[in-house]
Amino acid sequence: MDRPKVCITLAGKSLQEDIDILNKYRKFVNLAELRVDCLKDEERTLVRKFPQMAKIPTILTIRRNVDGGQFSEGEANRTILFAKALAFGSDDKTKNFAYVDFEEDFRVSSLQDAAFVYGMKIIRSVHNMENPITNIKQKIENLSTSEYEIPKIAFMPHTLADVQRLFEEAQELKDSNHIVLAMGPLGLPSRILSYRLKNYLTFTSDSSPDSKISNLGHIDPETLVKTYRFNDIDENTSVYGITGWPLTATGSPAIHNKGYEVKNMNSVYIPVRAETFDEAFSFAKAIGIKGMSVTIPHKESARIKMDHTENSVKTIEACNTIVQKRDGWYGYNTDWSGFTRALIGFTGLKTLSGKNIAIIGAGGAAKAIAYAVKLLKGKACIFNRTLKRASSLAKIYGFKYASLGPESVKELRKYSDIIIQTTSKGMNCYPPKGKEFAPSTEDNDPIYFYPFKGHEIVFDIVYEPQTTPMLGRAKGVNCKTCNGQTMLDYQAYEQFELFTGASYNGTN
Ligand code: NAP
């Protein structure tokens with residue numbers, strides 16, 4: 001089977017802007033798609049010269065609003081624009097567009113003839129920006145009327161189950177002369193695992209935040225090729241992943257995929273965004289995913305679905321790692337062990353005996369941390385906004401508990417040898433330009449009411465940003481501080497070992 005090509009979709013306002021984006025990623029792509037509909041009016045008339053400027057096989061696309069594009073001037077004007085772009089075809093094919101995208105219902109024979117005469121391929125496309133498309137095999141067969149046409153079906157999935165159906169239906173497709181994909185962040189697996197879908201190409205785009213096509217769920221070509229090693233994925237590639245919701249940002253693919261690369265393993269680790277764990281688990285089984293990291297909010301649901309669970313999972317009541325073995329699915333928790341390794345490395349302490357520890361928060365991560373603190377023989381008090389959650393967790397380990405507010409300042413002082421912050425307050429709270437951290441406020445610092453004295457050891461398990469407002473405040477009076485990055489790394493290294501049986505050395 002031919003390998004899927006990497007195409008970059010260029011959605012700049014001018015041809016020069018598009019060339020600049022192309023040059024940024026040129027070494028990672030095989031072809032480019034010029035989205036004429038995104039260009040300013042005065043630039044649209046100049047597109048005929050673009051293939052010569054791009055010096056790479058290029059797709060000509062003028063996408064209408066109804067298909068998710070920006071062209072709203074009507075079909076007559078679109079036909080004229082296509083004609084101008086395809087006119088005066090050169091015998092030197094590199095000066096012509098290599099492909100032109102015509103939608104299923106856009107059949108203008110003079111334009112089709114022009115494309116055929118100059119050796120361009122037609123991408124015959126169907127888009128549904130609202131709903132999933134089913135019966136893929138039949139539709140692909142109906143779309144393709146000649147060997148010069150590449151049928152393309154792209155749709156917006158509602159749930160991960162729609163993406164799963166696409167993978168299942170694609171098994172019936174024969175060769176790699178088609179493009180089938182699910183759009184949006186849910187559809188990301190269909191872009192990375194294009195080989196599994198036997199696709200002719202996969203679409204990528206510039207990673208800039210103001211990209212006009214970010215709703216399509218593209219990733220940039222460099223990430224696709226370097227992080228996900230797209231060009232090495234084949235039928236023997238073992239697939240792993242991370243599931244959660246909304247899973248908007250995760251550092252785990254970079255860690256795991258680096259590990260496979262260093263060890264020369266034919267494996268890939270992908271984000272599997274799913275609103276429910278059941279959907280993610282069904283998807284994993286359907287496409288043969290062998291193991292997954294599980295994050296917010298699926299850790300408890302994952303525990304219930306496993307055939308076998310470790311004791312730590314039973315006590316913590318959360319499972320952040322699932323692995324398929326011969327006799328079923330196994331559930332593990334590497335949050336507590338990752339935290340333990342990070343804490344020991346940071347403090348140099350082998351035991352917490354004799355230490356009074358404050359655990360801020362009583363959510364899923366706090367449960368793993370309370371388990372670790374107990375094993376390390378620490379004495380703790382759990383502070384939480386919802387007191388009931390603090391009391392239930394404290395009861396399991398014989399710890400104290402208290403509310404999270406100014407009324408608990410004295411209690412917090414009593415347990416201030418080590419303060420472990422586990423709430424999501426402070427997460428994604430980025431510093432203003434030129435500053436190391438954002439100033440602490442009641443809204444971003446869970447213990448804003450507590451004045452650090454400098455003797456406290458402070459561990460914040462949040463890793464985005466590197467310095468939360470609370471951690472910044474602690475640093476300001478010379479407390480010893482640590483953020484959640486090492487915990488994240490160590491829990492991932494352990495997952496890597498559970499997935500592959502090999503030790504992690506991706507940092508080498
Ligand atoms: P979770 O189960 O949803 O628990 C969230 C906790 O934060 C609860 O204690 C909740 O209190 C508290 N909280 C949320 N918003 C609050 C607010 N505005 N004021 C006061 N308390 C608030 O989430 P989780 O799984 O424990 O994760 C929590 C954080 O840890 C996240 O930022 C996550 O990224 C991070 N984490 C890091 C690692 C790592 O490896 N470094 C691993 C796991 C998690 P209530 O009970 O009152 O709602």
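Predicted model: local features only at pLDDT ≥ 70, side-chain atom pairs only at ≥ 80, totals over all residues.
Residues are numbered from 1 along each chain as its sequence is written, and side-chain values use heavy atoms, with hydrogens and water left out.

**Helix α4.** I find 12 residues in α4 (75-86), and the helix reaches 16 Å from its first C-alpha to its last, close to the 16 Å expected at 1.5 Å a residue. The expected span is 1.5 Å times one less than the number of residues. Helices (H or I, at least four residues) and strands (E, at least two) are DSSP runs, numbered from the N terminus. Phe88 follows α4 and has a positive phi, near 50°.

**The sheet.** I read an open sheet of 8 strands in the order β7-β6-β5-β4-β3-β2-β1-β8, with parallel pairing; two strands pair if DSSP finds at least two bridges between them. β7 (179-182) and β8 (201-205) stand at the edges with a single partner strand each, so one side of each is left without a neighbour in the sheet. The twist averages 25° from one strand to the next. β6 (149-155) pairs with β7 in the parallel sense over 4 bridges, and Phe155 has Ala182 of β7 as its bridge partner.

α4 packs on the sheet, touching β3 and β4, and its direction makes about 165° with that of β4. α7 (160-170) also packs on the sheet, touching β6 and β7, at about 160° to the direction of β7. Contact means heavy atoms within 4.5 Å; axes are lines fitted to C-alpha atoms, for helices over the stretch in contact, and angles run from 0 to 180 degrees between N-to-C directions.

**Thr340.** I placed Thr340 in α14 (335-347). Thr340 counts as buried at 13% relative accessibility. Not counting residues up to four places away in sequence, Thr340 touches Ala372 and Leu376.

**Cysteines.** I found 0 disulfides, a disulfide being a pair of cysteine sulfur atoms within 2.5 Å. For Cys429, the nearest cysteine sulfur is that of Cys479, 19 Å away. Cys429 counts as buried at 18% relative accessibility, and Cys319 is buried at 0%.

Key: Buried < 20%, exposed > 50% of the residue type's maximum accessible area, 1.4 Å probe, protein only.
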